[in-house]
Amino acid sequence: FLNMPSGFVYASAALPPGAPPDVPVFGVPRYRVSIPYLAMAPRTSFDNPDTWRYFAGSIGGSPIWISHAQWESGRNAAGEWVPPPGAEIYAGRPANERCVGEHSVTWNEPLHVWLLLYVCEPWTVEARFAPDPWGPWSPPIVMLSAIQDPNLVCTLIQGASPCPGHAAGSGLPGAFYASFVMDRFTQNVTPPGPGSPKRATIYWLVSTWDPYTVVVMQSTLELQ
């Protein structure tokens, strides 16, 4: 894009099921201190953000959409862009949940939900679910955490001290970033029989710093 909309610095598009006329585009303005915004981009003019509709909150569960001109119109005294009230797709509680930077959003067919995957803090990967791109989004669930599972240190990432059998490294603890679902490999593993919980096995990437590499992860998710 020659001119991305304000607030869509780190952005991802998600293909919806079927062939609807619009494609959801999610974006955040600042690295790991944001909650995503949402726009619906017409397939016929996907490369022109002037034609997108932007999420500006909801009333009674129904989304409110505004034009590109309305989205860009909010400015403070210094002339800096200010998002419309309610533009974030979920509330920012607790405070440390304002933490999305790079992210991926995919439609998970076996679970029939949208799946948001992101790194929250340098050592934790989280996921949220929603029936629609605008929500309501679930509270976060932890997919991977070097805080909750210290065994990940010296397994996936270096510690502040050199790990046995490894080079000294940078002297700083490693970290996670760029957690992206590879949706084409998603598998439906729902047990047979009525009333069984929906289950899906997903394959996703997480990049690590120190060592600087990309790891393929496998997780099975269940929704009642």
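This briefing covers the sheets, cores and one surface patch of the structure above. The model is predicted, so local features need pLDDT of at least 70 and side-chain atom pairs count only at pLDDT 80 or more, while totals for chains, interfaces and linings use all residues. Residues are numbered from 1 along each chain as its sequence is written, and side-chain values use heavy atoms, without hydrogens or water. Strands here are DSSP runs (E, at least two residues), numbered from the N terminus. Two strands pair if DSSP finds at least two bridges between them.

**Five-stranded sheet**

- An open sheet of five strands runs in the order S1-S2-S3-S4-S5, with antiparallel pairing.
- Its edge strands are S1 (10–13) and S5 (62–66), and each pairs on one side only.
- The twist averages 35 degrees from one strand to the next.
- Strand S2 (residues 22–28) pairs with strand S3 (residues 37–42) in the antiparallel sense, over six bridges.
- Val-25 stands opposite Ala-39 in S3.

**Four-stranded sheet**

- A sheet of four strands, also open, has the order S6-S7-S8-S9 and antiparallel pairing.
- Strand S6 (103–108) and strand S9 (141–145) each have a single partner strand, so one side of each is left without a neighbour in the sheet.
- On average, neighbouring strands of this sheet are turned by 20 degrees against each other, direction ignored.
- S6 and strand S7 (residues 113–119) run antiparallel and are joined by six bridges.
- Val-105 has Leu-116 in S7 as its bridge partner.

**Nonpolar cores**

- A nonpolar core is a set of buried Ala, Val, Leu, Ile, Met, Phe, Trp, Tyr and Cys residues joined through side-chain atoms within 4.5 Å. Buried means under 20% relative accessible area, exposed over 50%, and partly exposed in between (1.4 Å probe, protein chains only).
- The largest core has 23 residues, and Val-125, Met-143, Leu-144, Phe-176, Trp-204 and Val-206 touch the most other members.
- Elements giving two or more residues to this core include S7, strand S8 (124–130), S9 and strand S12 (198–209).
- A second, separate core has 19 residues, among them Ile-35, Leu-38, Val-100 and Leu-116.

**Surface patch**

- Val-9, Tyr-10 and Tyr-31 make a nonpolar surface patch of about 270 Å². Patch residues have over 30% relative accessible area and no salt bridge, and nonpolar side chains are joined within 5 Å. A salt bridge is a side-chain nitrogen of Lys or Arg within 4 Å of a carboxyl oxygen of Asp or Glu. Accessible areas come from the Shrake-Rupley method with a 1.4 Å probe.
- Val-9 lies in the segment before S1.
- Val-9 is exposed, with a relative accessible area of 56%.

Technical notes: Axes fitted to C-alpha atoms, helices over the stretch in contact; angles between N-to-C directions. Patch = residues over 30% accessible without salt bridge, like charges linked within 9 Å, V, L, I, M, F, W, Y side chains within 5 Å.
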